[in-house]
Amino acid sequence: MTATNSEATLPSQGTEAPRSGRVDPKYLRSNPSKGAFEMWAWLFMRVSGAALVILIFVHLWTNLMVGDGIYQIDFAFVAGKWANPVWQFWDLTMLWLAMLHGANGMRTIINDYAEKDSTRLALKSILYLASTVIIILGTLVIFTFEPCLVDEAGNLLEYAPSFCETAVN
Amino acid sequence: MSTATVEQEPASKVDLAESGEGAGAIQEFTITLKVRRYDPERAEDAWWDEWQLTMYGTDRVLDALHKVKWEIDGTLSFRRSCAHGICGSDAMRINGRNRLACKTLLKDLDTSKPIVVEAIKGLPVEKDLIVDMEPFFQSYREIMPFLINNSPAPSAERLQSPEDRARFDDTTKCILCAACTSSCPVFWTDGQYFGPAAIVNAHRFIFDSRDDAGDMRLEVLNDKEGVWRCRTTFNCSEACPRGIEVTKAIQEVKTAIIARSL
Ligand code: HEM
Ligand code: SF4
Ligand code: FES
């Protein structure tokens, strides 16, 4: 069943008289949608947007403004942050909210701009696939990140964060 | 017979200047009217026609269309009924904006350039400036634009406090001209969206204290093609010839649906 037209029905409220049936089929809505998905999606955009303001600006501030600012960002800096459960949680929340928010925003844009159902389906398939891959990959990285990388001889790589020295010895 | 103490009515209630040219002072100018024509019996595609017209400062776009239809080309087709902003039949795209031809004074437009008139967008064009309004009215019918009250009909009118009446005053002003719905980019895409006008007219009853079917209308508009497709572009509020705060009304319906669900 395609999303529009082929199964289109007129409302059964008896309000279609006197000229029903004359409506160009392109405009007929398919059966009313069940549930309130679009309402929750709309609400989610507002709530996640508000949360993202805090998440993103604190993220930018700690990374770029505090300490040595942009010069401090290297492997060790990232490793140091992810050794802290607070930053793990922070980045995880930011990843999930930004991805779901961004993906839902793109879904809305596709709905608004694609004129054919087939175009919609194709674009949304790409979008959902890409979003799923990024969310899973990002989540994995945050939880399985290995800060203290060693070479074949078992020596710490030089860009490892300083706390690795105590951990290895 | 009148005594000196009785003050004389002025000859006219309109104050005409002592000097000056009176009615002759109305400015006169030449305009170019450019209309997008369509007639499937004459040509497959739409085409543009242009006319040079001498018009007056008191004339509206509708007067220019009349002049063409009555004096130059009788095949030019457009809808109008009241010619005074009441019936809502002559919404059209004038210089890219949805306006009522009968409420748009020529002197308020840039008369140095052609005045471009097209049919409203998003509805099937039938001929020239006439579009098929049925899809528009279908959405209107679906929101049940009539009073539904479960209590027995009283012997006199159903009373309402001034505050309750004021709650939906703005949305009572709609004349169903479709300027809003046909200015909405979401409606242009596939014509599935209920559109601002249907929501405005649902708002009219949802917030009426005498009506009992607000929930049913909120349910209709909670559809995936209902209020959630609104992207707050404000095109509708800008287009409405009645000055209705259309976008605000849509937001109020959204809020009401959420409040009911939480
Ligand atoms: C900084 C805080 C953010 C706030 C307050 C915010 C807020 C919003 C809101 C309220 C909408 C819905 C607009 C509508 O329905 O008309 C929206 C849409 C959107 N957001 Fe965000 N957002 C933020 C960050 C982000 C981020 C980080 C991304 C990318 C991952 C993003 C991508 C999108 C997209 C693609 C849309 C759809 C575009 C549109 O609706 O026009 N936003 N945003
Ligand atoms: S809300 Fe305004 S623009 Fe829309 S149909 Fe009613 S009068 Fe016309
Ligand atoms: S002709 Fe009636 S509103 Fe313009």
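# Reading a sheet, its helices and an iron site

Mentor: In chain B, five strands make up an open sheet of mixed pairing, ordered β2-β1-β5-β3-β4. The twist from one strand to the next averages 35 degrees. This is a predicted model, in which local features need pLDDT of at least 70, side-chain atom pairs count only at pLDDT 80 or more, and totals for chains, interfaces and linings use all residues. Residues are numbered from 1 along each chain as its sequence is written, chains are lettered from A and ligands numbered from 1 in the order in which they are written, and side-chain values use heavy atoms, with hydrogens and water left out.

Trainee: What counts as a strand, and when do two strands pair?

Mentor: Strands (E, at least two residues) and helices (H or I, at least four) are DSSP runs, numbered from the N terminus. Two strands pair if DSSP finds at least two bridges between them. Strands of a sheet pair through backbone hydrogen bonds, either parallel or antiparallel.

Trainee: In which sense do β1(B) and β5(B) pair?

Mentor: Strand β1 (residues 28–37) and strand β5 (residues 115–118) of chain B are parallel, over three bridges. Val35(B) has Val117(B) as its bridge partner in β5(B), and Leu33(B) has Ile115(B). By contrast, β1(B) and β2(B) run antiparallel and are joined by ten bridges; there Lys34(B) is partnered by Glu50(B) of β2(B). β3(B) and β5(B) also run antiparallel, with two bridges, and Arg93(B) stands opposite Glu118(B) in β5(B).

Trainee: Which strands does helix α1 of chain B lie across?

Mentor: Contact means heavy atoms within 4.5 Å. Axes are lines fitted to C-alpha atoms, for helices over the stretch in contact, and angles run from 0 to 180 degrees between N-to-C directions. Helix α1 (residues 61–72) of chain B lies across β1, β2, β3 (91–94) and β5 of that chain, at about 105 degrees to β2(B).

Trainee: How do α6(B) and α8(B) pack?

Mentor: Angles under 35 degrees count as roughly parallel, over 145 as roughly antiparallel, 65 to 115 as roughly perpendicular and the rest as oblique. The axes of α6 (residues 214–221) and α8 (residues 246–261) of chain B are 10 Å apart, at an angle of about 105 degrees. Therefore α6(B) is roughly perpendicular to α8(B). The contact involves Asp215(B), Leu218(B), Glu219(B) and Leu221(B) from α6(B), with Val253(B), Ala256(B), Ile257(B) and Arg260(B) from α8(B).

Trainee: Which residues of α1(A) meet α8(B)?

Mentor: Met39(A), Trp42(A) and Leu43(A) do, against Gln251(B), Lys254(B), Ile257(B), Ile258(B) and Ser261(B). The axes of α1 (residues 37–64) of chain A and α8(B) come within 11 Å and cross at roughly 105 degrees.

Trainee: What does UniProt list as "transmembrane region" in chain A?

Mentor: UniProt positions are given in the numbering used here, feature names are shortened, and annotations may be inferred rather than shown by experiment. The unreviewed UniProt entry lists residues 39–61, 87–106 and 126–145 of chain A. Residues 39–61 of chain A are 100% helix and 0% strand, with end C-alpha atoms 33 Å apart. Residues 87–106 of chain A are likewise 100% helix and 0% strand, and their end C-alpha atoms lie 27 Å apart.

Trainee: Which protein donor does the iron atom of ligand 1 have?

Mentor: Donors are N, O and S atoms within 2.8 Å of the metal (3.2 Å for Na, K and Ca); water is not among the atoms, so sites may look incomplete. The iron atom has a single donor from the protein, NE2 of His101(A), 1.9 Å away. His101(A) is in helix α3 (residues 85–113) of chain A.
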